[in-house]
Amino acid sequence: MTKRHGYAVLSALVALVVALSAAIYVTVDADDGTPRGALGDNRPRHGSHAAPASTGTWVGAWATAPVGGEPGTETAGLAGRSVRNVVHTSVSGTSARVTLSNLYGQSALTISHASLALALGDGSAAADAETMRRLTFDGAPGVVIPAGGQTVSDAVHLTVPHGADVLITTYSPTPSGPVTYHPRARQISYLATGDRTEDTTGTPYTGQTPYWRHVTALDLLSNEATGTVVAFGDSLTDGVTSTTGANHRWPDILSGRLRSALQSGRQLPRYSVVNEGISGNQVLADGLGRPAENQSGLGRFGRDALDRPGAKVVVIDLGINDILRNPRLADPDRIVTGLRTLVRQAHARGLEAVGATLMPFQGHRGYTPAREAVRQQVNAQIRAGSVYDAVVDFDKALRDPYDPRRLRPEYDSGDHLHPSDLGYRTMAEVFDLRTLKGAGQAEL
């Protein structure tokens, strides 16, 4: 090799080192400062819409609890189908990330493409084309989620308003099942054949479903909120009898109340609200299967409440199914002990715990005078102030003043257990927003 050729090679190597150093510097400079963790809170950002370094707080804008494996999807899952979930935000933000779950899968789930976009707003699967974003996972367009696992996408830059319908779409090319789902969404989502993840017309989405599938959370980097309120409960929180597509569950309405109060100048915490209700959920007992479907409140509290991004307050409305679904007469002291355990776990993580009294259910097929006595005993301990940091008295607000064992007729959906839309609104309206400031820890 001549001396001239040697200098040329050396110059090329130096140029390569400089280029690599610059690339590393840019990558580090784009880091948002969040510690890297198992859920990928600070994954590398890639693509034209990757989230840049930004100020704000990661909070939950929407969430739902995984309930079980969807019947009929045990062997093939939804292979060859695009699933377009419609979710509703409780807060605004400038960047977004999505959690996908394979908790109830018995085999690995391959997601080859996923996307996020704002809904066009016409009640269909159509998306606002300017907001369509391809999701990535550690920079790759797809991800393999092991059985029992979950994953969080890289953050993408997108301005998401509060009260927006967001479309989260996934495509799985290969068989995998069963599909992890939330069956009582009270929201219509959509299905299409083939990879239609970035379709904006909505035309291929000819299938409709009342379920949320795969997706369990939408987090936003927000300058509007500094923390998250987690509503943790059963069907009364899930909103099982509320109007589909109307967002009339009590946590939805609580979110709107909190935002309106802040806009009027009231000195309150700036929090988002997410809904972690599961219909049929109990404090103490799991459902069937392994992992257990409809896992007990005690079993799922860490995953569904304490680990929510920015969690500051948890509102607990559980216990009625421990009374109704117990083949023997439920022990009120065991129910209260379970609730106190949840509160201790919340306190250990620095969260405030607000609790709800159990509402009446005379007229429901599960009603007996003995079960009514258990409900009264649980409520007496909750009202005494030795269970929660603060209490919201749903029982007092919704019971019939002429027969306190029943719901008021206008608050009754008709099954004598679940509220009407007006009942859900009343639950949110009697919630004292001042309790979100922190009421001190209960003496347990």
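Modeller: Happy to! Keep in mind that this is a predicted model. You will find Ser 420 in the loop that runs between strand 23 (403-407) and helix 9 (421-429). Is Ser 420 buried or exposed? Its relative accessible area is 15%, and because the cut-off for buried is under 20%, Ser 420 counts as buried.

Helix 3 covers residues 250-263, and its 14 residues should span 20 Å at 1.5 Å a residue; the end C-alpha atoms are 20 Å apart, so the two values agree. The buried residues of helix 3 include Trp 250, Ile 253 and Leu 254. The buried residues of this helix pack against several elements, among them strand 17 (227-233), strand 18 (271-277) and helix 9.

How do helix 3 and helix 9 meet? Their axes lie 8 Å apart, at an angle of about 45°, so the two helices are oblique to each other. The crossing is right-handed. From helix 3, Trp 250, Ile 253, Leu 254 and Arg 257 make the contact, while helix 9 brings Tyr 424, Arg 425, Met 427, Ala 428 and Glu 429. Sorted by class, that contact holds 6 nonpolar and 3 charged residues, with no polar ones.

Finally, look just past the end of helix 3: Gly 265 has a positive phi of about 100°.

How values were computed: Residues numbered from 1 in each chain as written. Predicted model: local features only at pLDDT ≥ 70, side-chain atom pairs only at ≥ 80, totals over all residues. Heavy atoms only, no water. Helix = DSSP H or I, 4+ residues; strand = E, 2+ residues; numbered from the N terminus. Buried < 20%, exposed > 50% of the residue type's maximum accessible area, 1.4 Å probe, protein only. Expected span 1.5 Å × (residues − 1). Contact = heavy atoms within 4.5 Å. Axes fitted to C-alpha atoms, helices over the stretch in contact; angles between N-to-C directions. Parallel < 35°, antiparallel > 145°, perpendicular 65-115°, else oblique. Left-handed = near helix turned anticlockwise from the far one by under 90°. Nonpolar A, V, L, I, M, F, W, Y, C, P; charged D, E, K, R; others polar.
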